[in-house]
Amino acid sequence: MAEYKSGEALIEILNARGVDKIFLNPGFEFIDVLSSVAAARAGGGKSPQLVLCLDESAAASAAYGNYMVTGNPQVVMVHSELGTLQLGGNLQNLQWGRVPVVILAAYQEADSRRALWNGTPYDQGAIVRNSVKYDRRLIGDEDLHEVLAEAFRVACSEPTGPVYLCFPMGYLYRKIEKPETQPVAGVGAADPPVAGVGAANPPLSGSAASEGGVSPPMDHLMPAEDPIPLDPLPVPKDPAPITDLPPVTDGGAVGSTDAPAESNSRSAAAVLPAAGSPPPITPSLPAVDMQLLEIMADTLVAAKNPMIVSGNAGRFPENVKALESLAETLSASVLTGYSWMNFPGAHPLCVGVEQIGGSRKKDAGYDEADVILVIDYAMPYVGSAPPIASETTILHIDVDPLTQGRLLWGRGADVFMKAGSREAIPALEKLLSEKITPEKRAELDERFKRVAARNEETRRGWYESALAQSERAPISADYLCYCINSVVDDDTIIVNHTLSHCASATEQIPRVKPKTWFGCPSGAIGWAPGAALGAASAATGGTVVAIMTDGGFVWGCPTSVLWTSANYRFPFLAVICNNRGYGAIRNVQLEMLGEAEPGDEFRAESAVDFQPDYAQIARGAGAFSKTVIDPKDILPALKEALSAVRNGKPAVLDVHLGR
Ligand SMILES: Cc1ncc(C[n+]2csc(CCOP(=O)(O)OP(=O)(O)O)c2C)c(N)n1
């Protein structure tokens, strides 16, 4: 049986899964993988690119950002328990963003030479268990192909999400069996004899170090091997459109090429997608329940003021057009979620973007909606919706059965249908079209005109108000965002994580194209810098502009993110909405105290007033940067910063706003 290095196997598997970046912060467990990747790339073979992130939290949000743009599954590598702990709140963002990511880390073993008893975690998976779809501790002799096939299958099955694998320190140093049916002719075929590690390693069981099979990591700093040219697997860029998949049954794994092997013998067909087939992004989807859909359609046709709310349907670009058709057929208002571009902001039926806690305004549309159609939606970590009337009907479509019965605006949905939105939206639209009589059409056309006129007037008000503040000092967030909108084009990718200034960003920067607006789906605020880095690494050609809070800039590990951005030339512009502190906290605190200004006794302790020199920090990490205080300087600074970004350099504008 032919063997090859685990690192080579890993490359082969990730190539087949469409993974083209590995966001990592290394430990000894990955050094052999690093050399395999280096060898593959030096030899002109296809291999994911390793992207070094100086903080694991940045690696997690960068993986998020890359997924937002590419839709591809992600891989994050972190060092054992310590690196896992350092993923921090960005792990929760991955969870609520439903990001299919495989996180790999070793664990220290009590009997290894390196680990002291107190360096051995009781249960390493417990660190992440609250935020992943599953975690597994490998014992050491498990087949890498099978383990990863399962991990990707779980991560990529709807509802998609993060998974975590931890393994013995020497696990990725082994030589392992090459799958029998070789889908990648030539991979490792001409393996030169490898001096040193792995050449004659028996498969591990239990601790690598204790059994002497593989040199433990410390001993593994060895001479470089000859590069092994890899034959790239032909991986189509885009996953298969859902319509190309065979019909699905609830819970079945149809559409996946990961069907269980017929016998115990492992074959490549069982663990790798066949060459030329797309990576199985969504192995199974529940079918649309036509009976439930009928009920929904009847309720919507009878509604006086239906409103569609979607949180993340836009992660599938085709859903944006489908939602437009649905809204137009129904003349329904649409409130689009904060974290994905689900519906064009300038569409006559768009009432706006959902707000996050801390925003100066409440979500629009709920006051008059009598039926709310909720598609792919979870309530925000802290939202800004007003209470809805008890007689309002809620219809909920989501692929995640666990959202059934969950509270939406304080109560459960009246009708819940588990379905993939890519199938449900067109099916609902078709049904509605069949049910709408000519008389009803005339009524709906009237509604369209009324809703469109009101939305247009509201939007005009937003822009006029921003312009009226163009000379205001300190700088107004409305005017800042108005200026940002004037320098970006339709392909620019906006990464937004504003809190106090959420209304300014969402009102002033309407997006028209799918996947050109991303926001943080959960509450961990240090998301935006890394997410922007990851989006920039996806290299679509669209400029990436991130708008963030000053708190978010600091939590986002700017030194780490900007260093990676500068060194890998994954440039983006970060605009800091700097209100000198934690505005959301400050405002609540003042409200509770009934004060206009915080007193000295809690100004510092509550972090309501801080102001490091962000421009200097950014410069130190390799970015172009500027502090902007005068409103007249906003546009020139934006243009200069964007020109730096287009020349491959990250840029940071620290814009001082009022508090
Ligand atoms: C990682 C993390 N730590 C703490 C919090 C709690 N928290 C919510 S809002 C907030 C203040 C945010 O300040 P900033 O990010 O500067 O935004 P602003 O409110 O000023 O717009 C804090 C500390 C959080 N959500 N995430």
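Me: Which residue in S20 is the bridge partner of Thr627?
Reply: Asp654 is the partner of Thr627. Strands here are DSSP runs of E with at least two residues, helices are H or I runs of at least four, both numbered from the N terminus. Residue numbers start from 1 along each chain as its sequence is written. The model is predicted, so local features need pLDDT of at least 70 and side-chain atom pairs count only at 80 or more, while totals for chains, interfaces and linings use all residues.

Me: How many bridges join S19 to S20?
Reply: Five, and the two strands run parallel. Strands pair if DSSP finds at least two bridges between them.

Me: What's the strand order in that sheet?
Reply: S16-S15-S17-S18-S20-S19, an open sheet of six strands with parallel pairing. S16 (517–519) and S19 (624–628) are the edges, each pairing on one side only.

Me: Switching to helices: at what angle do H12 and H13 cross?
Reply: Roughly 105°, with the axes of H12 (438–468) and H13 (477–487) coming within 8 Å. That makes H12 roughly perpendicular to H13 (65 to 115 degrees; under 35 is roughly parallel, over 145 roughly antiparallel, the rest oblique). Axes are lines fitted to C-alpha atoms, for helices over the stretch in contact, and angles run from 0 to 180 degrees between N-to-C directions.

Me: Which residues make the contact?
Reply: Tyr463, Ser465, Ala466 and Leu467 from H12, with Asp478, Tyr479 and Tyr482 from H13. Contact needs C-beta atoms, placed from the backbone, within 7 Å.

Methods:
Contact = placed C-beta atoms within 7 Å.
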